[in-house]
Amino acid sequence: MKTLKLAILTTVATLSAAALVAPSFAQETEKKAAPAADMTDPEMMAKMMELTKLGENHKLLGEMAGVWTYTVKMWMDGNTSAEPMTSKGTATRKPMMGGRYYEFNAQGEMEMPGADGKMEKMDFKGMGLEGYDNVKKRFVSTWMDNMGTGIMMSEGTYDPATKTFTYASEIEMMPGMKTKVREVIKIVDNDHHTFEWYEDRGGKEMKTMEINYTRKK
C-alpha cells in the first residue's frame with residue numbers, strides 16, 4: 001500500500017510539474033515562432049513588392065555577363081608551390097528573368113588521375129545559377145557538374161574596395177566527409193576576373209584551384 005501511495009504521489013507531482021512547465025514552454029515556442037506574413041496589410045505588401053525590384057547588386061552580376069575563355073590550375077594536395085594540373089575551356093554567363101538571375105555554363109577538358117593513377121583527359125561540363133537575394137542581403141549561387149551528382153549552394157558578399165566577391169559553402173564528396181569551402185572572385189577589369197577555391201583540410205585552409213577568365217572578343 002505504501003508503495004502504491006508513493007507511486008500515486010509521484011505521478012501527481014510529475015503531472016503538476018508538467019502543467020506548470022507546459023505554459024512556459026508554449027510561451028517560449030510562441031516567442032521563437034516567426035510572424036506570419038499578413039497578405040492583407042498594405043504596408044507589408046508594399047515592402048514585399050519593393051524586395052522584388054532589381055538593384056545595384058544585380059547590375060554588378062550583369063557586368064560579368066558574356067562569353068569567356070578560361071584556364072584552370074589545380075593542386076590536389078594544396079601545395080601551390082608544386083606544378084599544377086592545368087586545363088582550358090569556355091564559359092558563358094547570361095541573364096535570366098530580366099536580370100534577376102544569371103545562368104553560367106562552362107565546358108572544357110580536364111586532366112584527372114585515373115584508376116591506375118595515370119592522368120586521363122576528361123570532358124568537363126558545369127552549370128551554375130547566380131543572383132542577389134534582397135531578403136537575405138546576400139549573393140547566392142548554385143553549382144553542379146558532370147564530376148558529381150550533388151548541387152553545391154553558396155552565399156556571399158561583395159567588397160567594392162577590392163572588387164571581390166567572397167562565397168562560403170560546404171561540400172560532401174564522400175558520405176560523412178563534409179568540407180568547408182571559400183570561393184573568391186576578383187574583378188581585375190571589364191575583360192578579366194579570377195576565381196580561387198579554398199578548402200578546409202583538417203582545420204587548415206588550402207588553396208586547391210585557380211581559374212583565370214578572359215572575355216572573348
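Student: How many bridges join strand 9 to strand 10, and which way do they run?
Tutor: Strand 9 (residues 192-201) and strand 10 are joined by 10 bridges and run antiparallel. Two strands count as paired if DSSP finds at least two bridges between them. Strands here are DSSP runs (E, at least two residues), numbered from the N terminus.

Student: What kind of model is this, and how are residues numbered?
Tutor: It is a predicted model, where local features need pLDDT of at least 70, side-chain atom pairs count only at pLDDT 80 or more, and totals for chains, interfaces and linings use all residues. Residues are numbered from 1 along each chain as its sequence is written, and side-chain values use heavy atoms, with hydrogens and water left out.

Student: Back to the hairpin. Which residue there takes a positive phi?
Tutor: Gly202, with phi near 65°; the hairpin of strand 9 and strand 10 has 2 residues between the strands.

Student: Which residue is the bridge partner of Glu196?
Tutor: Glu210, in strand 10.

Student: What about strand 1 and strand 10?
Tutor: Strand 1 (residues 66-74) pairs with strand 10 (residues 204-215) in the antiparallel sense, over 7 bridges. Met74 stands opposite Met209 of strand 10.

Student: New topic. How many aromatic pairs does the structure hold?
Tutor: It holds 6 aromatic pairs. Rings of Phe, Tyr and Trp (its six-membered ring) pair if their centres lie within 6.5 Å; planes under 30 degrees apart are stacked, over 60 edge-to-face, and the rest tilted.

Student: Why is the pair of Phe104 and Trp143 tilted?
Tutor: The ring planes of Phe104 and Trp143 are at 45°, so the pair is tilted, with the centres 6.0 Å apart. Phe104 is in strand 3 (residues 101-113) and Trp143 in strand 5 (residues 138-145), so the pair ties together parts 39 residues apart in sequence.

Student: Are those two buried or exposed?
Tutor: Phe104 is buried, with a relative accessible area of 6%, whereas Trp143 is partly exposed at 23%. Buried means under 20% relative accessible area, exposed over 50%, and partly exposed in between (1.4 Å probe, protein chains only).

Student: And Tyr158 with Phe165?
Tutor: Their ring centres are 4.6 Å apart and the planes are at 45°, so this pair is tilted. Phe165 is buried at 2% relative accessibility; Tyr158 is partly exposed at 22%.

Student: Which residues have the most contacts inside the largest nonpolar core?
Tutor: Tyr70, Phe165 and Tyr213, in a core of 29 residues. Such a core is a set of buried Ala, Val, Leu, Ile, Met, Phe, Trp, Tyr and Cys residues joined through side-chain atoms within 4.5 Å. Ring pairs also link Tyr70 and Tyr213 with Phe104 and Trp143 into a cluster.

Student: Now Ser169. Where is it found, and is it buried or exposed?
Tutor: Ser169 is in strand 7 (residues 164-174), and counts as buried at 11% relative accessibility. A polar atom of the Ser169 side chain lies 2.8 Å from the backbone oxygen of Met153.

Student: What does Ser169 contact beyond its neighbours within four places in sequence?
Tutor: Its contacts (heavy atoms within 4.5 Å) include Ser154, Thr179 and Glu183. The C-alpha atoms of Ser169 and Thr179 are separated by 8.6 Å.

Student: What joins the side chains of Ser154 and Glu183?
Tutor: A polar contact of 2.9 Å. That term means a pair of N or O atoms within 3.5 Å; within protein, one must be able to donate a hydrogen and the other to accept it, and residues adjacent in sequence count only if both atoms are side-chain atoms. Ser154 is in strand 6 (residues 152-159) and is buried, with a relative accessible area of 4%.

Key. Helices (H or I, at least four residues) and strands (E, at least two) are DSSP runs, numbered from the N terminus.
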